[in-house]
Amino acid sequence: MPLLELRNLYKSFGGLQAISNVSLTVEEGEIVSIIGPNGAGKSTLFNLITGVYKPDRGDIFFEGQRINGLSPDQVTKRGIARTFQNLRLFTHLTVLENVLIPQHHRLKSGWLGAVLRTPAYLREEEKMREVALEKLSFFGPRLMSFRLHQPVYVLSYANRRRTEMARAMATGAKLLLLDEPSAGMNPKETKEITQIIRRFRDEGGYTIVLVEHKMNLVGEISDRVVVLDYGEKIAEGNYHDVVNDPKVIEAYLGRREE
Amino acid sequence: MRNHLLTLATVGLVTLGLYLLTQMDGTSGLLSALRLIFIWGIAAISLNLINGQLGILSLGHHGFMLVGGYVTALLMLPEKERRPFRTRLLSDWARDNLDLDKWLRGLGLDFIANSIDLKFIIALFIAGLAAALLGVLVGAPSLRLKGDYLAIVTFGFGEIIRLLPNAPEVAAFTNGPLGIKGIPGDAGTIWWTFFAFLFVLWFFTRLKFSSYGRAFEGIREDEIAAEAMGVNLAYHKVLAFTISAFFAGVAGGLYASYLQSVDTQTFNFFVTFFLLVAISLGGLGSITGAVIGTAVVVLVRNYGGFLEQPYPAWVGYLSGALLMLGAFAFSAYIRKTRRLRPVIETKHYIFGAIGLALLLVTVFFRNEPWMTQTVQFFGMRKILLAVILILIMIYRREGVMGRAEFSWKLIFGPREDIPSEEQRKQDAWLSNPELNPGASETKEDDDASA
């Protein structure tokens, strides 16, 4: 059974067919890249999976259960977490708080228990802290020690990206949807992100779907590449096959006048 | 541990001070100001939960306070105050049955019914519950909206709730526009107000620094991100709204018992407006700030009376001069501390010149009749408040406290977010690829939980 399965998805905004007839399966432990020119529908696809938009037609299955129609927080509870293309961190909260909030949905204590600081609540809080530190330590000591207590707005751009990834992991998700994880990063940082994404899979056991424009990153880590153009899936396969596919070249570069 | 002891010591000292104040003569003015600070402080803290921590603008707070006020009034009204209502609007049923005393005696809890204090606490609790119930009813449908739209809807609900007691159908319970008078005042001594205030401080601080408080702040920072991170928006918004409405109801009950009467004008829209001013002044999202803001507003309103006394005109000229010279000095100081150059610009001399001219006029014409005549400035208190608000918005837009809270750590403890010299060095080493080639490979198994 595939971890994530999209069956004939359709979504239109007014007259614009943003996604049409896209089917896709993602197996557990895979790294799948979605590429395509601007406006191809990559982000819309993410928004459909995470419940921000409801598909017009078609179904989304996660671990064999239908999840379309669920609200974003319910989708996250099922085990899908995402990062955003233009960082959406909780800017005025500290790094630690940013990584604690995504664990809130797993809290069993009610608000009264939280106010009274019952032993059960304190245990859960301690556990949340441990998980937060564990996820943040994926990025080495960069976000640890004093950084934990700094508000996000003092962090560098790369550190914010890292915080956002740690935040997505802290939801307890199995599937991470990364929307341009290397946007705005220099080559060195991109290289590091590439390694980290691979470690997410190898050490963290996450399955990863990512949207990316930097082809060297895509080529380096993807098990499978899916190409979208005008909302349709035009190619799928390993990186080498896909980039040499004439349809893909046409989508990116256009057709030569004969 | 030390911090807990410090907190306990502070509470003890404040309680002792309050006790001494109640024993002294001539402190009734101060005591009533303190009571107002506590009452409005509770309301401000509860509004702060929605407007500051959850980050949604709600303008219906006076409605919840009114419900709390009316419920407390009805439940606490003694028998002899109820009797005249027969001739007025209050229906026989309401007069005979909406009586906490009767309920308690019916349950065989005479010892509570005999103690006006215990009865008052129960009445406040029921008042809070009534307001909270209304909070759910109002919040659940309207919290789908965002921003200005939500503000308008909550304002509308607040006004509807406020005007309901005047409706003929409801007037049978509320005595219509006449309101309810004769609520026992001795039940609302400063002590119950004080303890309620302490409880509210404790409750809201605990809530803010819990997982739920963090979820609220996440919603304030970015609703979409919070939802994507698994925070159930609808549940948390309604939860915050309900808790806030509960304590608004309690504050309304306390205020009704402070005034010993309640009618629909007691809780008009200016109540919400006043609370908004208080929390913006103190810092949206800060409980400490809400208290500071309330204290400033209440003190100016209670003790600003001297500003509106009749004075000879030269006092006005002189204070005008001092104000202008003060503005001159202040602007120079601000520019110096903020390292803006040049420190004094030409336009600043205008303030200095006006101030100097006013000073000279005051000195030279001090015996002229137009200088010695008596004048009175009505409304100076409100102007002073407005000026304070304007200055805060210009020089410290986030309010006195910003989003920070008072804590002992702030005074004594180490700042965790500022790196030590060693950490700073290590950090420079980490982020410099020349000093630390291939950081991510070598640091893989780094247990950095320290």
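Student: Which elements of chain B each supply at least two residues of the lining of the second largest pocket?
Tutor: This is a predicted model, where local features need pLDDT of at least 70, side-chain atom pairs 80 or more, and totals use all residues. Residues count from 1 along each chain, chains are lettered from A and ligands numbered from 1 as written, and side-chain values use heavy atoms, without hydrogens or water. Helices (DSSP H or I, at least four residues) and strands (E, at least two) are numbered from the N terminus. Here they're strand 3 (310–312), helix 17 (313–337), helix 18 (346–364) and helix 20 (380–395).

Student: Which helix gives the most to that lining, and with how many residues?
Tutor: By class, the lining of the second largest pocket has 19 nonpolar, 6 polar and no charged residues (Asp, Glu, Lys and Arg are charged; Gly is polar). The top contributor is helix 17 of chain B, with 10 residues.

Student: How do helix 2 and helix 16 of chain B pack: oblique or parallel?
Tutor: Helix 2 (residues 28–54) and helix 16 (residues 287–303) of chain B pack at about 140 degrees, with axes 8 Å apart.

Student: Which residues of helix 16 of chain B meet helix 2 of chain B?
Tutor: Contact here is heavy atoms within 4.5 Å. On the helix 2 side of chain B, the residues include B:Leu36, B:Ile37, B:Trp40 and B:Asn48. By class, this contact has 14 nonpolar, 7 polar and no charged residues. The helix 16 partners are B:Ile287, B:Ala290, B:Val291, B:Thr294, B:Ala295, B:Val298, B:Leu299, B:Asn302 and B:Tyr303.

Student: Which residues of helix 15 of chain B make the contact with helix 3 of chain B?
Tutor: Helix 3 (residues 61–76) and helix 15 (residues 269–282) of chain B pack at about 115 degrees, with axes 7 Å apart. Helix 3 of chain B brings B:His61, B:His62 and B:Met65. The contact divides into 4 nonpolar, 3 polar and no charged residues. From helix 15 of chain B come B:Phe269, B:Val271, B:Thr272 and B:Leu275.

Technical notes. Axes are lines fitted to C-alpha atoms, for helices over the stretch in contact, and angles run from 0 to 180 degrees between N-to-C directions.
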